[in-house]
Amino acid sequence: MTFTETKLKGCYILQPKVFSDERGYFFESFNEKTFSEGVGESVKFVQDNQSFSTYGIVRGIHYQVGNNAQAKLVRVLSGSVLDVAVDLRKNSATFGQHIAVELSAENKKQLFIPRGFGHGFSVLSKTAEFFYKCDNFYNKESEGGIIYNDKNLQIDWKIENSKVKVSEKDLILPDLKDASL
């Protein structure tokens, strides 16, 4: 597996080694030792989550604060998404900046998003199954979010505005400047 650090310190794109033949393919999607060496820290994942969405869905930008902050290792099992990580670490040189990476069943890339980041994704294919590991349990009282179309973040979700579908809960999220970090 190769690990490529993005412009956001601590945020990595992972590309597994895929072994293919006439029967199909095999790859190791997670190995604790390889992962810890690749990101330079020991991360203990305690919860797995999976979602199914259709084209145009935008989920996020979500985060958890304080002792309930979460690091995530995300990937796509079927379909394709644009995955977005936003640096919310106030003392970071890249605070308020984001990266966007296309994750798909075909490219098998994963994204590691450390604690202190917001996360969201848009579905680029007809449908997508999204899977992620978290290093901390979900805590409703600690959740926060930023509106997906915050003008200061200028995220291109790769979906026509008229086709974007966002939950009612996500439509009322604040801009970054008003978010409770």
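Here are some notes on the sheet and the salt bridges in this predicted model.

1. Ground rules. Because the model is predicted, local features need pLDDT of at least 70 and side-chain atom pairs count only at pLDDT 80 or more, while totals for chains, interfaces and linings use all residues. Residues are numbered from 1 along each chain as its sequence is written, and side-chain values use heavy atoms, with hydrogens and water left out.

2. The sheet. Start with the open sheet of 6 strands, in the order β1-β2-β10-β7-β12-β5, with antiparallel pairing. Strands here are DSSP runs of E, at least two residues, and helices are runs of H or I, at least four residues, numbered from the N terminus. Two strands pair if DSSP finds at least two bridges between them. β1 (2-5) and β5 (47-54) stand at the edges with a single partner strand each, so one side of each has no neighbour in the sheet. From one strand to the next, the twist averages 25°.

3. Strand β7. Have a look at β7: 5 of its 7 residues are buried. Buried means under 20% relative accessible area, exposed over 50%, and partly exposed in between (1.4 Å probe, protein chains only). β7 runs antiparallel to β10, with 4 bridges, and antiparallel to β12, with 6 bridges. Leu73 stands opposite Phe112 in β10, and its bridge partner in β12 is Lys133.

4. Lys133 again. β5 and β12 (residues 127-134) are joined by 8 bridges, and Asp48 forms a salt bridge with Lys133, the closest N and O atoms being 3.2 Å apart. Asp48 in β5 and Lys133 in β12 are 85 residues apart. Lys133 is buried, at 15% relative accessible area, whereas Asp48 is partly exposed, at 43%.

5. Other salt bridges. The whole structure has 9 of them, each a side-chain nitrogen of Lys or Arg within 4 Å of a carboxyl oxygen of Asp or Glu. In one of these, Asp135 pairs with Arg115 at 3.0 Å; Asp135 is buried (14%) and Arg115 is partly exposed (38%).

Technical notes:
Axes fitted to C-alpha atoms, helices over the stretch in contact; angles between N-to-C directions.
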